[in-house]
Structure formats: structure tokens, C-alpha cells
Amino acid sequence: MIAAPLGRHLRYWYTYRTAVAVLIALVLTGAMYWLYTQQVACDAHQGGCEVNVAVHPEDRLFSQSKPNSDIVVVGLDDESVSRIGNFPVPREVYARALRNLAAAGASVVAFDVSFPDVRDPATDADFATALRDSNIPVILSYPGEETLAGDGLVQQTSSRTIPAGIDQMPLKQFWCGDQNQGSSPGCQNPYRNVILASTDVVTDSDGVVRRMPMFVEPACYRAGTCNARIINPLGFAAYRAYELGSDFTSGPTLQEVDGAATFGTAWPRPLQVDGTGAALIDYEIGPRTFKNTSQYLSLADVYIGSFYSSQVTGKVILIGAYNLTGVHDDFLTPAGNGALMPGVELHANVLNMLLPPPAQPRFLVPEAPPALLLIMLALALATAIGVSRVTVLWGFAGTAGVIVLFTLAMSGLSVFNGWVPDLFHPWLAIALTYSSVTAYRFLYEDREKRKVTALFGHYLKPEIVAELAKTRGGVDDILRGGQRRDISLMFVDIRGFTQMSESMAAGDVTEVVQMYLDHLSGIIFTWDGTVDKYVGDEIMAFWNAPRLQENHALLAIRCAYDCINRAPELQEKLLAKGLPPIRWGIGINTGPAVVGNMGSRSRLQYTALGDSVNTAARFCSHAPPFQVLIGQMTYEMCRDYIAVDLVPGVQLKGKSAETFRIYEVTAIREAPDAPWVQFPTQMATQTHHAFTAQYTQQTVLAAAETDSSEIVVGAEAREILAHQPKSPN
């Protein structure tokens with residue numbers, strides 16, 4: 001067990017608070033990492049998904065650019081259906097479009113259109129002939145009715161899966177030249193240039209398509225009607241045929257080892273895939289981007305040959321539904337900002353990601369879970385330790401700064417390195433760590449600080465209050481039921497203000513006093529003084545309480561110097577508002593007094609009591625305008641820094657003239673060997689006279705303009721002058 005003194009030491013220093021903060025950070029990091037694993041499991045539609053919280057702010061990091069110039073989209077849109085005149089579109093249309101594209105020099109044609117059933121035998125035969133005779137690679141869509149997440153791949157549902165599904169394989173006559181076009185396993189005479197590819201799209205748990213399955217087990221394999229174990233997505237199949245050219249039938253295929261997919265030696269770095277063999281899509285093309293470029297053709301134009309060969313020569317052509325009414329082939333993507341992207345454009349994004357632009361493919365790299373855990377742990381610990389050692393406001397600012405810096409760093413890695421970070425869970429870890437540590441401080445530690453702030457916030461400047469709040473024993477150690485100590489007191493009082501206020505409007509009186517109190521209180525706070533109270537136009541302040549100040553007498557005199565030296569600032573502000581200039585006298589005395597929280601049970605105030613307080617008040621009442629009167633003890637403490645004149649003829653009741661002397665401060669200096677600086681009494685007096693003359697002229701002019709025998713001042717005078725027409729002279 002910790003000994004009582006040591007336990008108290010730990011309590012009032014940062015050790016215990018920091019330990020609690022670190023514990024909070026560790027717990028929250030673990031919780032956030034568990035939420036992250038849940039999001040991954042739910043997005044991949046794998047087992048273990050118990051809490052589905054899918055938030056992906058990293059979607060905003062996708063930047064859009066023009067598509068690769070070697071990609072052209074041929075859209076089956078509403079205009080095409082209207083011009084062709086039939087829907088579903090007859091397959092002879094696709095046949096003629098394929099022939100026209102091949103004749104125009106297209107390199108690859110990929111159909112994002114399903115052909116699983118028999119339509120018109122004549123048009124089906126025409127399309128089959130076009131596919132058989134094609135001299136360029138043709139990719140046919142092979143979607144699954146539904147898909148299931150597997151180990152390293154995605155399975156299309158078939159009659160032998162649970163749940164069962166219907167095989168959507170294209171008609172055998174479209175890709176196989178066998179005489180027997182039944183459902184017998186395999187194909188003895190496949191068309192040389194026809195490739196089957198998956199158009200399956202897997203959405204995350206929030207319905208957004210972020211990944212493309214790169215390895216798909218077709219329904220025919222599980223059903224035993226084909227020998228193809230794996231087919232690749234349409235975008236990759238088109239890319240492979242484009243890259244390999246005439247060697248696409250024998251060239252390398254897509255291979256995956258330990259989450260890294262490779263394509264022979266074509267890629268400098270592998271394509272990262274998840275546990276289901278799906279890769280993140282780099283969405284550089286936004287929804288409906290192609291239609292706003294020259295890389296879009298209407299299917300009707302291709303069908304009738306109304307296009308330029310230069311638009312398709314040497315390019316990859318993707319054919320599919322494009323915002324076609326009644327066909328739901330649109331998807332939410334990170335690049336859409338809520339707009340749906342046609343499926344053919346989604347596959348175009350995959351192709352665009354793979355095609356060299358022009359140096360090499362740009363693959364997105366998902367953040368590795370261990371890296372995310374370390375990042376969250378570091379951020380949470382930094383936030384916890386930082387927030388535990390600074391004020392709540394600075395903690396909030398620091399937390400916001402950490403979030404901003406982290407986001408900027410991750411954005412830079414995303415833009416320049418293709419790294420896709422997880423932003424949400426680190427954000428949540430930082431925010432919850434800040435909130436938890438702050439709540440702990442408020443509930444268990446900051447009660448004493450709030451007491452100190454509530455007690456001294458009206459008397460001291462914020463910096464001193466904050467310093468007092470760090471006192472180990474809190475309010476009890478500061479007050480201790482009242483203390484007797486030597487303090488230096490300063491009283492400031494306006495000269496002749498009672499008589500002046502009787503001739504002023506109530507609003508002007510209030511404004512003069514408010515400006516005067518604000519101005520001088522700010523100066524007192526500058527010199528680390530404690531403002532005790534305001535009594536009408538009188539200010540009482542003292543030094544050396546509640547905080548000990550070794551040079552408290554000198555601080556009081558230097559504060560008095562500033563109060564006089566900066567008097568013209570206040571006079572100028574008063575004149576600008578049409579208010580009369582004012583003068584004040586200052587009295588300073590040093591001596592013993594009792595300081596502490598005093599008053600009735602219903603109203604307490606931190607103040608000072610004693611003969612020294614009364615003496616300082618008497619000095620102030622005898623001080624001429626802009627002069628400072630001090631007592632013997634104050635002079636003794638500051639004699640190396642001030643020059644004084646003995647004030648004759650002033651005798652305070654109950655004080656001996658032989659032992660009790662009053663001095664007027666005439667000069668001051670920074671150090672005992674520094675040059676003297678005259679007290680600014682004369683300067684302040686002359687400035688006051690000048691401002692008084694200006695104020696008098698202003699009030700007289702206001703009275704003359706109104707043809708009135710009354711003298712008006714302040715706001716009333718300004719209002720009259722503002723509404724009077726200017727004299728032509």
C-alpha cells in the first residue's frame with residue numbers, strides 16, 4: 001500500500017491522472033479495433049459480423065480525372081432503344097455493332113450485357129456467327145444470380161449451393177462451336193476470341209461498391225457443367241486481352257498468393273486483395289463521366305455505323321446499359337457523392353485502374369490491420385497523455401489538431417501512394433479518448449480547480465487563477481481560514497466625480513465609470529495585482545495575496561506609474577464618445593493585514609482587513625490628481641527604485657507625525673543602477689487640460705447649434721451635432 005504522504009503526492013501531481021488516461025486509451029483502442037474488424041467482416045459478408053457499423057469517410061479521398069484514352073463506352077441508352085425500335089434489343093444489333101467495331105479497328109470488345117437465354121433463333125445465330133468469326137477478342141458477361149463469400153474467391157450461386165441460384169452462363173452457341181449445344185460438361189471447340197468474364201458486383205454492408213471480386217467461381221463449375229474453376233472480372237479480362245493481344249489464349253493469368261495478386265511480370269507491385277479475393281477499385285472516373293467526353297458512343301450509332309473509325313481504333317470498347325430506363329444496372333460508389341454509376345462505367349473504372357497511365361497500373365493499397373492498430377494506439381495514447389496534462393480548452397485544440405494532422409497525413413498517403421486508410425476508427429478513438437479523459441478530470445479532479453476559479457476569477461487575471469488552480473491542496477491550501485501577511489494595497493479614486501456626475505445623464509455616468517474601471521483594472525491585472533472590490537468610482541487592489549510576491553511593493557508602484565502614464569488613452573476614448581475627461585489620485589501602503597474569504601454565510605468575498613488597508617485609503621483621499629502617495633514601509637521596500645518627496649502638512653488621525661511619514665513618488669527606475677524616469681504626473685495633467693478644453697469646446701458648440709441656453713454634454717451633445725446641418729462657412 002502507498003504511504004499517505006506519497007499517495008497525496010501522487011494524487012496532486014500528474015502520475016495518477018496520466019496512468020488513468022493511459023488505461024482509458026488502451027481500452028478504447030481495443031474497442032475501436034474490434035469495431036474495425038466487425039466492419040471488415042460485415043463488408044466482406046463473412047462470418048463473425050455481429051455489429052454492423054459501416055462508416056467510410058475515406059471515400060471522400062477519391063479524386064476524379066479523365067479516363068484513359070484507350071477506353072470507349074458504347075452505351076445502350078434511351079436514345080438507342082428509341083432509334084432501334086425494340087427492347088430487349090435484338091441480338092442482330094449486337095452482331096452488327098461487333099462487326100462494325102472490329103472493322104473500325106477496335107482492339108477488344110467487352111459486353112456488359114447478359115445472354116443466358118434463347119431469343120429469336122435467327123438473330124441468336126447471327127450473333128453467334130459474329131462471335132465465332134470475330135478477329136478481335138470479345139468478352140461476354142457471365143453474372144451470377146447471387147454470390148457467396150468464399151475463401152479467396154466469390155462463388156456464384158447454382159443448383160448445388162445454399163441458397164440455390166440459376167446459372168446465368170451465356171448461351172453455349174455464343175462461345176462454343178460444339179455440335180452438341182446441350183449442357184454437357186466442357187467445350188471441345190471454344191471460339192478462339194471469345195472469353196467469359198464475371199460482371200458480379202459485391203456491395204459493402206452500406207450498399208456501396210468499393211471492391212471488385214477478382215476471382216469468381218462460376219455457377220457452371222459447382223453445377224458440373226464446365227471445367228473453368230475461376231473466371232475474372234470483365235475489366236481485368238478486357239485488360240488482359242488488350243495487353244497480350246494475339247497471345248491472350250496462352251499468356252499469363254491472374255494469380256493470388258497470400259493476399260497479393262500478380263499478372264506475370266507486368267505489374268511492378270502486386271494487387272492487394274482481401275480474404276474473398278476482392279480488390280479495391282480506384283475510382284478516377286465519376287458517374288456518367290464518359291457521356292460528357294468523346295469516349296462515349298451510342299449503341300444506335302455503332303449499330304448503323306455512324307461514328308468515326310478514329311474513335312475506336314486500337315481501343316477497348318465496353319458495351320452496356322447506360323442510364324437505361326427500366327434497367328437497374330446502377331450502383332452507389334465512393335466517387336458518386338450519392339449519384340448512381342452505370343455498371344459499364346464501374347467496369348471501366350476497373351479497366352482504367354489496370355491500364356498503364358502510361359507508366360504502370362495504379363493500385364490501391366488497403367491499410368493493414370496491424371498498422372491500423374498501431375496508429376490508433378499511438379494516437380489514443382498521445383491524446384490521452386496530452387489531454388491529461390493541459391487545460392480542457394488546450395486539450396480540445398490539441399485533439400482537433402491531432403485529428404487534422406492525421407487526416408492530412410492520410411490524405412497525402414492516399415493521393416500520392418494509393419493508400420486507402422481507415423479514418424473513422426482512429427477519429428473515434430481520438431475523440432472518445434479526449435471525451436473520456438476530460439470527463440474523468442471534471443468528475444474526479446477538477447472540482448478544486450473550479451472552486452479556485454470561481455473564487456478568484458473576479459479578482460485576478462486568468463494566468464494567476466490558472467496558477468493558483470494548480471495548488472496541491474486546492475482552495476483549502478490557499479485560504480486556510482484567513483491569513484495575516486504583509487501586503488501592498490493600492491486605492492484609486494476619481495477626483496471631483498461626484499459633482500461632475502450630478503450634471504451628467506445617468507447613461508453617461510455609467511459609461512464613464514465602466515470605461516474607467518475597465519481601463520485601470522486591465523493595468524492592475526498586467527502587474528499581477530488582485531482587484532479586491534469596486535466602491536463607486538474607487539478601486540481597491542493589493543499584491544502578495546493570494547499568491548506570494550516577493551517584490552509586491554514595487555509591483556504596486558509600477559502599476560501606479562502605468563495608471564498615470566496611460567491616462568491619455570482613457571481620456572481620448574472618453575472624448576471620442578463625447579464624455580468628459582477625468583482625473584484620479586492614487587494611494588499605496590504596505591503593511592500587515594488579514595486576507596481571506598470573509599463576509600456573511602450567504603455572501604463571501606476574498607478581501608483584506610486591517611489598519612494598513614485604512615491607511616492606504618486615506619493616502620488615496622489626500623492624493624492630488626495624477627499623484628501617488630505612499631507610506632514609510634512602501635518607501636523602505638522600494639527605496640533603491642524610486643525617488644520621493646516628503647509630503648508636508650498631511651497628518652492622519654491616530655498617527656504620529658514623527659514616526660509616520662507620507663511620500664509623493666516623483667521618479668522611478670528599472671534597476672538600482674538604471675537612469676531615473678520622471679513620474680508622468682505633469683504629462684498626464686497637461687494632457688487632461690488639453691482634452692478638457694476640447695470637451696468644453698464640443699459642448700459649447702453643441703449648445704450654440706441648438707440656440708439653447710442650456711449646456712448639453714455626452715451622448716446628447718453628439719446627437720445634436722450629428723443632426724445639425726453643416727454651416728456654409
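Select C176. In this predicted model, C176 is buried, because its relative accessible area is 0%, below the 20% cut-off.

C176 and C187 form a disulfide, with their sulfur atoms 1.9 Å apart. Check the torsion about the S-S bond: 100°, a right-handed link between C176 and C187. C176 and C187 each sit in the loop between β5 (154–156) and β6 (194–197), 11 residues apart.

How many disulfides are there by the distance rule? The count is two.

Go to the other pair, C220 and C226. These cysteines form a disulfide too, and their sulfur atoms are 1.9 Å apart. The torsion about the S-S bond of C220 and C226 is about 70°, so this disulfide is right-handed. Buried or exposed: what are C220 and C226? Both C220 and C226 are buried.

Next, the sheet. Show β9, β10 and β11. They make an open sheet of three strands in the order β9-β10-β11, and the pairing is antiparallel. Which strands lie at the edges? Colour β9 (254–257) and β11 (271–272): each of these edge strands pairs on one side only. Then pick β10, residues 260–263. Strand β10 pairs with β11 in the antiparallel sense, over two bridges. Zoom in on A261, which stands opposite L271 in β11.

Select C620. C620 counts as buried because its relative accessibility is 1%, under the 20% limit. Finish at C638. C638 is buried as well, with a relative accessible area of 0%.

Definitions and conventions
Residues numbered from 1 in each chain as written. Predicted model: local features only at pLDDT ≥ 70, side-chain atom pairs only at ≥ 80, totals over all residues. Heavy atoms only, no water. Pairing = 2+ DSSP bridges. Helix = DSSP H or I, 4+ residues; strand = E, 2+ residues; numbered from the N terminus. Disulfide = S-S within 2.5 Å. Buried < 20%, exposed > 50% of the residue type's maximum accessible area, 1.4 Å probe, protein only.
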